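User: Could you walk me through this structure with a few questions and answers?

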Amino acid sequence: MSNIFIFHGTGGHPQENWFPWLKAELVAKGHNVYIPKFPTPEGQSLEAWLDVLKPYEDKINEDSILIGHSLGGLFLLRVLERLQTKVKTTVFVGAPIGVKPIKFYESDEKFSGFDFDWDAIRTKATHFIVFHSDNDPYVSLANGELLAKELGTNLTFIPNAGHFNSASGYIKFEELLKFF
């Protein structure tokens with residue numbers, strides 16, 4: 001049994017997209033699943049999101065799985081830079097890492113910037129999984145390609161998946177569930 005965290009993106013919340021479906025599937029398999037509600041878009045900052053995560057820190061350990069969608073993926077990178085322990089798996093879905101075009105480049109950059117300590121990040125998880133699509137209207141495919149390269153993993157490319165959100169038809173995410 002793992003503690004699994006799902007981090008939503010800008011303007012997001014725990015009940016959107018494929019998050020409730022994935023939570024139900026993983027709970028049925030015996031996992032603990034947490035989907036923190038981060039302040040967004042009002043009050044959205046790295047510091048505010050880290051404050052929301054603080055009460056969960058004792059649940060993040062070597063058996064944990066951390067999943068970040070969109071800005072939640074950028075946040076996940078910042079969490080990995082700060083972790084004192086290694087986690088089992090990290091999953092990035094449509095995550096912006098600074099390669100334009102990014103629809104909300106300015107607000108994402110303001111959130112935390114796009115300079116990452118890749119050496120530290122690579123030591124904080126046993127497995128890295130990166131999902132990206134070729135028709136994401138918010139985050140270009142080059143972000144997923146570079147993220148996979150920096151993490152030393154293969155890109156899990158899904159054509160025509162948009163931003164992996166409900167607007168793209170993603171109320172379920174079967175491809176992600178296959179990894180559990």
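Analyst: Happy to! A pocket here is an open set of grid points with protein on both sides within 12 Å along at least five of seven lines, and its lining residues have an atom within 4 Å of a point. Keep in mind that this is a predicted model.

User: Which residues lie nearest the centre of the largest pocket?

Analyst: The largest pocket has a volume of about 250 Å³. Its lining divides into 5 nonpolar, 9 polar and 2 charged residues. Of the 16 lining residues, those nearest the centre are Thr10, Ser70, Phe104, Tyr138 and His163.

User: Which elements give two or more residues to the lining of the second largest pocket?

Analyst: About 180 Å³ of space lies in this second largest pocket. Its lining includes Leu50, Leu53, Val79 and Arg82. The elements that give two or more residues to that lining are H2 and H3.

User: What do the buried residues of H2 pack against?

Analyst: Helix H2 covers residues 46–53, and its buried residues are Leu46, Ala48, Trp49, Leu50 and Leu53. They pack against strand S1 (3–7), helix H3 (71–82) and helix H4 (105–112).

User: Is Ile158 buried or exposed?

Analyst: Beyond its neighbours within four places in sequence, Ile158 is in contact with residues including Phe131, Phe164, Tyr170 and Phe173. Its relative accessible area is 10%, and buried means under 20%. Therefore Ile158 is buried.

Technical notes: Residues numbered from 1 in each chain as written. Predicted model: local features only at pLDDT ≥ 70, side-chain atom pairs only at ≥ 80, totals over all residues. Heavy atoms only, no water. Buried < 20%, exposed > 50% of the residue type's maximum accessible area, 1.4 Å probe, protein only. Helix = DSSP H or I, 4+ residues; strand = E, 2+ residues; numbered from the N terminus. Contact = heavy atoms within 4.5 Å. 1 Å grid on protein atoms, 1.4 Å probe; cavity = no way out; pocket = protein on both sides within 12 Å on 5 of 7 lines; lining within 4 Å. Points joined across faces, edges and corners; volume = space filled by probe spheres on them. Nonpolar A, V, L, I, M, F, W, Y, C, P; charged D, E, K, R; others polar.
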